[in-house]
Amino acid sequence: MTAVLFTAFGIHLAACVLATGAFFLLLLAGLPATGLMCRWERQVLSGARWLVLVALGSGAVWLAARTALFEGRPDAALDPHAIRHAMLDTWPGVVWMARHGLLVVLAAFLFTGGDVSTRWNWIAARAEALVLAALALILLGGSSHAAAISDSLWPRAFDMVHLLGAGIWAGSLPPLALLIYAASRGPGVPDPYAVQTMRSFSRIALVAVLVLAGSGIASATLLVKSVAGLMGTTHGHLLLAKLAVLIAALVLAAANRALLPALSGTNEAKPSATARRMALFIAMEAGLVVLLLGLAGAMTLTTPAAHGDPVWPFPIRLSVDTLLDLPVVQVLAQLRDGLVLAGLGLGVLAIAFLTRRRRKLLSGLAFMLVAGGAAVTLAPLVVEAYPTSYLRPSVTYNAGSIAEGMSIYQARCASCHATRTAGSEALSGSTVDRLAPLTARQTAGELFWLITHGELARGMPEFGSLLGEVERWHVINFIRAFAAARDPRPVGTDVETGRAWLAAPDFNVSVGPLTPRALRDYRGQRVVLLVLYDLPQSRTRMAELARRYGALSVLGVEIVAVPPRASPEAIAELGALPPVLFPVVTNGNEAIVSVYRLFTPGTAHAELLIDRQGYIRAIWRDDLTAMPDPTTIQAQVERLNEEKAPPPIDHVH
Ligand code: HEC
C-alpha cells in the first residue's frame, strides 16, 4: 500500500508541477503570432488537459491509499464511509478537497474551451488557468511534514514557495524543449518568437532556481537540523541525492545559457543545429527534474531527519566539547599552526588574483594550503564515532530509569568498574571514577555502542546479548547522571549566570490520590525548589518553608518536598501548624532520593534549585552549608528570573 501511495503521490506531484509550468510558459510566450507558435500552443494545451486529468486520477488513488494506511486495513481504500471520514475530519483531507476542487474547475475550464479571439480574452483565459493550477500545486505545501511538525507558518510558507518555484522552473522545461525542437526543424533561422520565449524564460528560470534553492535550504534546516540527520538518515540521504541531481540540472542549464547568443544566427554558427542541441539539453534537464520530483515525493514519505534516528556513516566526528574546557590561550596555541597555513593559503590566493598569471597553479596551491590549515586546526576536535553516535535514547532521562540503571550497574558492571552503593562515594581512583570524565564527553549513542559491542581488546565485555536495549539505556542514564555528579566544577550555592548544564532527572510528583504531574511540567512555568528531607532532623526547616511558601510562590517558585520513603502519611507527619500547602511526594520516593543523592551525597537535608529550563542551578546541603534563609533564595530566584531564557534544549546530546 505504501508503494501505491508513493507512486500515486509522485505522479500527482509531477502532473501538478508540469501543468503549472505549461500554463506559465504559454503566458510567457504570449499570444501566438506565427503558425509554428499556434501549433505549439495547441499541442501544449492538449498536453495540459491530459495532465489535469492525470492529476485528478492520481489524486483519487492517493486519497484511497492514504485512507487504507490511516485505517490500517486495505479494504478501507474503497470504503466510502472511511474515505468520507478521511476527507472531512482530517486537515490533510480538507486540503485535499480544496485542491481537487480547484483541479475540477480547471479541467472544466480547459475542456469547455473559451473565447480567446481577442488579446485580452486570451490573457485572461491563460492567467486563470495558471492561477488555478498554481494554487492547486502550492496548497500541497499545506499538508506536508513541515506543516505537521510545527505550529508556525514559516515551514508551510517555505514549502509553498518551493513548490511554486518548482512549478515555474521545472514544469516549463518540457514545453520549452518541445518549442525549441519545433523551431529547430525548419531550415534557416529559428522562429524569432520561440527564441524570444527562450530568452525570457532563461532570465526567469534564474530567479526561480534561486528561490527554489533558498526555500529548499530553509525548510531543510527545519526538517534535518543537524549534520548527523543529513548523513545518517534516509531523509537526509534523499536530500543529498536531490541536491546532486539539482546541480547536474543546473550544469545543463548553464550550458544552455552559453548557447543562447548563437541562436540569433548573427554569426556563421548554424542556429538550427544549436537549437536542436538546446532542445536536447532541455529535455535532459526535464528528465533530471522528473527524478528530482520522485526524490521529493520519497522525502515526504520518510520520517524527517530531525525526528529519525541517524546512523552515522563515518568512523570519526567533530567534538567541540574538547575545546570548551580549554582556556582560550591554549586553544589559540592549538589553532596557531592551522591559522598560519590557512593565512598563507589566503595570501597566495590574493597574489594569484593580483598577478592573474598561472592562476590555476597558484589557486590549486592556495586551496591545498587552506584545506591543510583547516585539517590541522580541526584535527584535535576529531573524535572516534560509531554508527549509533547520534542515536536518540529510547528511554528518557528520568529518576526511575536512572535508579534501574544503578542496580543493573551494581550487578553487572561494578565488579570491574569498582563497587558503589547509592549515596556513598566510590573509592577514589577506582575505575568508575575514571569512567566518569571519559564518558562525560561521549554522546549517549556512543555509550550505547560501547556497552552493546564491548571493547574486547581493552577487556570490556559486550552486553548486547546480556542486557535488553531498554536496560542498556537505563545503565547509560545512570552513567550520565553519575558522570554529571562528578563534574570537576560542581553546582554551588550561588546561581552562576549563564552556566546551566546539570539536567534535573525527571520524576512524577505524585501526591496522594491526585493525578501526578511530572517535574518537567513545571518547565517554562515555575522555578522548583526540590527539598530532600527526613524527619525529625528537618522539622524546623520544613516549618520555616511552610511559613514562607506564600512569599516564594509569588516569586514564581514551587516547592516539591521528597521524604526518603513512600508513605501516604507524609503530609500528616509534617504536622498541621503551619499548614503545608506545597506538594509532598508520597510515591516513588526511593528512586527519586537515590538518584538525587548522587548530586547531594549523604543523608543530610538538601535543597536543589531547578530553573525553568529544567537545570539544577544551586544546591544546599545541611552538612556542608547552612540552609539559605528566604531572602537568599529570593535573591537566587531573582537572578534566574533576570537571566535571558536560553532556548529549551534536549538534555541528552
Ligand atoms: C570484566 C570486566 C568489566 C565489566 C563486567 C564491565 N566493564 Fe566496562 N570496561 C572494562 C575495561 C577493562 C574497560 C577499559 C577501561 C580502560 O581502557 O580504561 C572498560 C571500559 C568501559 C567503558 C569505556 C570507557 C571509555 O570511554 O574509554 C564504558 C562506557 C564501560 N566500560 C561501561 C561498562 C558498563 C556500563 C558495564 C556494565 C553493563 C561494564 N562496563 C562492565 C571492564 C569491564
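These legends describe close-up views of a predicted model. Local features need pLDDT of at least 70 and side-chain atom pairs count only at pLDDT 80 or more, while totals for chains, interfaces and linings use all residues. Residues are numbered from 1 along each chain as its sequence is written, and side-chain values use heavy atoms, leaving out hydrogens and water.

**View 1. The shell around the ligand.** The ligand is surrounded by 19 residues, where near means that a heavy atom of the residue lies within 4 Å. The closest are Cys413, Cys416, His417, Arg458 and Met460. Two or more residues each come from helix 17 (431-440), helix 18 (444-453) and helix 19 (469-485); helices (H or I, at least four residues) and strands (E, at least two) are DSSP runs numbered from the N terminus. Helix 17 gives the most, with 4 residues.

**View 2. Arg458 and the ligand.** A polar side-chain atom of Arg458 is placed 2.7 Å from an oxygen atom of the ligand; a polar contact here is a pair of N or O atoms within 3.5 Å.

View 3. Strand 6 (residues 557-562) is largely enclosed by the rest of the structure, because 6 of its 6 residues are buried (under 20% relative accessible area, 1.4 Å probe, protein chains only). Val557, Ile559 and Ala561 point one way, and Glu558, Val560 and Val562 the other.

**View 4. Pairing of strands 5 and 6.** Strand 5 (residues 527-532) pairs with strand 6 in the parallel sense over 6 bridges; pairing requires at least two bridges found by DSSP. Val528 has Glu558 of strand 6 as its bridge partner.

Definitions and conventions:
A polar contact is a pair of N or O atoms within 3.5 Å; within protein, one must be able to donate a hydrogen and the other to accept it, and residues adjacent in sequence count only if both atoms are side-chain atoms. Buried means under 20% relative accessible area, exposed over 50%, partly exposed in between (1.4 Å probe, protein chains only).
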